[in-house]
Amino acid sequence: MPSLGRGGGPADWLIVGLGNPGAEYAGTRHNIGFEIAGVLAARWGLPKAQVKYRGLLTEGRTGPRGPRVAVLLPQTYMNDAGDSVGPARGAFGVPLDHVLVLHDEIDLPFGEIRARVGGGLAGHNGLKSLKAGLGSADFARVRVGVGRPPTTDPDRVAAYVLGRFREPRDEVALLVANAADAAQEIVLGDSAPS
């Protein structure tokens, strides 16, 4: 199990919300990582995000004595997220196991949340790009279950994840809040992904 102690660079954690830029993708299953990252940035009172590393970046502390965090929303589109995250990780000097990626997971039922370090990529193009950009898949993840459509047809699966949630809005909001709780526990050291 990799160490989850504090990093030695300008940030202790690089938190990456995966999604696609543009209003047409807002509120879709594939963009839940953006939503979770936004909740965390608001909870921690981080400043307005600035354009940096081909993404939207905000940074600060989680509290007066909390860890230093950088929260990044790559604006490269999901399939090229590693082109944003790799340079950001290098600039912040964050160990690989302190890169925490928040992403949708169709192999988990809607509402289920799991955290871990490393593992397979499950056909997720954003994770494939991150592995390429970071040189390894051994980064921490909060996997957020969005359910799977009743098909294996790649076009229909893509349409599903790029589609808006059909579940009630309050259930989606609760899922986002619960995923933000899971990420915050990791960052603050209350829980370690396995």
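**Close-up 1. The second largest pocket and its lining.** By class, 5 nonpolar, 1 polar and 3 charged residues line the second largest pocket of this predicted model. The lining is made up of Gly 27, Glu 35, Phe 165, Glu 167, Pro 168, Arg 169, Val 172, Ala 173 and Val 176. Helix H5 is the main contributor here, giving 4 residues. The space inside comes to about 180 Å³.

**Close-up 2. The largest pocket.** Here we turn to a space of about 390 Å³, the largest pocket in the model. Its lining counts 20 residues, and those closest to the pocket centre are His 30, Gly 123, His 124, Asn 125 and Val 161. Strand S5 and helix H4 (154–161) each bring at least two residues to this lining. The largest share, 4 residues, belongs to H4. Sorted by class, the lining of the largest pocket holds 10 nonpolar, 6 polar and 4 charged residues.

**Close-up 3. Helix H1 and what it packs against.** Helix H1 runs over residues 32–43, 12 residues in total, and its first and last C-alpha atoms lie 17 Å apart, close to the expected 16 Å. Have a look at its buried side: Ile 32, Gly 33, Phe 34, Ile 36, Ala 37, Leu 40 and Ala 41 are buried. In an α-helix, residues three or four places apart point the same way, because there are 3.6 residues a turn. After the helix comes Gly 45, with a positive phi near 65 degrees.

**Close-up 4. The largest nonpolar core, seen around Ile 36.** This core brings together 34 residues, and Ile 15, Ile 36, Leu 40, Trp 44, Leu 100, Leu 102 and Val 142 have the most contacts inside it. At least two residues come from each of S1, H1, S4, S5, S7, H4 and H5. H5 gives the most to this core, 9 residues. Which residues does Ile 36 contact, once its neighbours within four places in sequence are left aside? They are Leu 102, Val 144, Val 176, Ala 179 and Ala 180.

Close-up 5. Asp 97 sits in the loop between helix H2 (82–92) and S5. Val 117 is 20 residues away along the chain, and the C-alpha atoms of Asp 97 and Val 117 are 6.8 Å apart.

**Close-up 6. Thr 62 between strands S3 and S4.** Our last stop is Thr 62, found in the loop that joins S3 and S4. Why does Thr 62 count as buried? Its relative accessible area is 15%, and buried means under 20%. Leaving aside neighbours within four places in sequence, Thr 62 is in contact with Trp 44, Pro 67, Val 69, Val 187 and Leu 188. Val 157, 95 residues from Thr 62 along the chain, has its C-alpha atom 36 Å from that of Thr 62.

Methods: Residues are numbered from 1 along each chain as its sequence is written. This is a predicted model: local features need pLDDT of at least 70, side-chain atom pairs count only at pLDDT 80 or more; totals for chains, interfaces and linings use all residues. Side-chain values use heavy atoms; hydrogens and water are left out. The expected span of a helix is 1.5 Å times one less than its number of residues. Buried means under 20% relative accessible area, exposed over 50%, partly exposed in between (1.4 Å probe, protein chains only). On a 1 Å grid over the protein atoms alone, a cavity is a set of points where a 1.4 Å probe fits but cannot get out, and a pocket is an open set with protein on both sides within 12 Å along at least five of seven lines; lining residues have an atom within 4 Å of a point. Grid points are joined across faces, edges and corners, and a volume is the space filled by probe spheres set on the points. Ala, Val, Leu, Ile, Met, Phe, Trp, Tyr, Cys and Pro count as nonpolar, Asp, Glu, Lys and Arg as charged, and the others, Gly among them, as polar. A nonpolar core is a set of buried Ala, Val, Leu, Ile, Met, Phe, Trp, Tyr and Cys residues joined through side-chain atoms within 4.5 Å. Contact means heavy atoms within 4.5 Å.
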